[in-house]
Amino acid sequence: MHSPAAPECDTRRMDVLALYREAGAYHEGHFLLASGRHSPKFLQSTTVLQYPHLTERIGQALAGKLREAGIEAQTLVGPAMGGVILAYEVARHYGGRAIFAEKDGKGSMKVREAFTIAPGETFVAVEDVLTTGGSVLKAVRAVEALGGQCVAVACIVDRRGEEGPLEGHPLVSLTRLTFDTYAPGEVPEWLAQRPLQEI
């Protein structure tokens, strides 16, 4: 099987949906998202991020967008597992170091002792797809609890219902896609009839 070719485009203005389709990472059906909401469409970022040449393009693009926005940070932080590779690749093009936050078994996230955070150390939290922002905000709080200062959140795709900052943090994304999502008690009949797949 051959790796999908990266679409030819400016890395700062790439056609993200075309890239996901090319990698076979754009799906339609009935999905239970990590946020607990239901959706007829799903973007599987791990399918894209398994290909180094596509991940490199995304990392270059996000690093470029952060620079365009005038955001300066010492560290890139990704929530495990999805944000680990992405944070590393963005840091490779942006500068600084890449660390990750992981689940603590109590509904929040923690930073391993091997990663030291200096008081006031600036960081950008990096996520693949934002639906509610819940996961990346847990990573933000974990680093802030150690004295870090979040200067922005960066993502490949912003799927939130409303544009703008994420809980006061500037948000940088490669694209904004507004796929419909539904709370568990509000799933329409046409969607409920499709087999449910948990993400």
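A: Start with helix length. The expected span of a helix is 1.5 Å times one less than its number of residues. Keep in mind that this is a predicted model.

Q: What span should the 17 residues of helix H3 have, and how far apart are its end C-alpha atoms?
A: Helix H3 covers residues 52–68. At 1.5 Å a residue, H3 should span 24 Å. Its end C-alpha atoms are 24 Å apart, so the two values agree.

Q: Which residues of H3 are buried?
A: First, the general idea. An α-helix has 3.6 residues a turn, so residues three or four places apart point the same way. Now the case here. The buried residues in H3 are Leu-54, Thr-55, Arg-57, Ile-58, Gly-59, Ala-61, Leu-62, Ala-63, Gly-64 and Leu-66.

Q: Where does Thr-131 lie, and what does Thr-131 touch?
A: Thr-131 sits in the loop between strand S6 (122–130) and helix H5 (134–144). Leaving out residues up to four places away in sequence, Thr-131 touches Leu-33, Ser-35, Arg-159, Arg-160 and Thr-181. Note that its partner in the annotation, Arg-159, is among them.

Q: Is Arg-159 buried or exposed?
A: Buried means under 20% relative accessible area. Arg-159 has 4%, so Arg-159 is buried. Its place is the loop between strand S7 (149–158) and strand S8 (171–176). Beyond its neighbours within four places in sequence, Arg-159 is in contact with residues including Leu-33, Lys-41, Phe-42, Val-129 and Asp-180.

Q: With which side chain does the side chain of Arg-159 make a polar contact?
A: With that of Ser-39, at 3.0 Å. Ser-39 lies in strand S2 (residues 38–43). Ser-39 is buried too, with a relative accessible area of 0%. A polar atom of the Ser-39 side chain also lies 3.1 Å from the backbone oxygen of Asp-180.

Q: How can I see that the chain folds back? How far apart are the C-alpha atoms of Ser-39 and Leu-196?
A: Ser-39 and Leu-196 are 157 residues apart along the chain, and their C-alpha atoms are separated by 9.8 Å. Now try Glu-89 and Val-124. They are 35 residues apart in sequence and 13 Å apart in space, C-alpha to C-alpha.

Q: Where is Glu-89, and is Glu-89 buried or exposed?
A: Glu-89 is in helix H4 (residues 82–94). With a relative accessible area of 8%, Glu-89 is buried. Its side chain makes a polar contact of 2.9 Å with the side chain of His-93. Not counting residues up to four places away in sequence, Glu-89 touches Thr-55, Glu-56 and Gly-59. Thr-55 and Gly-59 are among the buried residues of H3.

Q: Which side chain does a polar contact join to Glu-102?
A: The side chain of Arg-112, at 2.7 Å. Glu-102 is found in strand S4 (residues 97–103). Glu-102 is buried, with a relative accessible area of 16%. Its contacts beyond four places in sequence are Ala-80, Ser-108, Met-109, Lys-110 and Arg-112.

Q: Which residues does UniProt assign to a domain?
A: Its unreviewed entry places "domain: Phosphoribosyltransferase" at residues 48–177. That span is 33% helix and 31% strand, and its end C-alpha atoms lie 17 Å apart.

Terms used
Residues are numbered from 1 along each chain as its sequence is written. This is a predicted model: local features need pLDDT of at least 70, side-chain atom pairs count only at pLDDT 80 or more; totals for chains, interfaces and linings use all residues. Side-chain values use heavy atoms; hydrogens and water are left out. UniProt positions are given in the numbering used here, feature names are shortened, and annotations may be inferred rather than shown by experiment. Helices (H or I, at least four residues) and strands (E, at least two) are DSSP runs, numbered from the N terminus. Contact means heavy atoms within 4.5 Å. Buried means under 20% relative accessible area, exposed over 50%, partly exposed in between (1.4 Å probe, protein chains only). A polar contact is a pair of N or O atoms within 3.5 Å; within protein, one must be able to donate a hydrogen and the other to accept it, and residues adjacent in sequence count only if both atoms are side-chain atoms.
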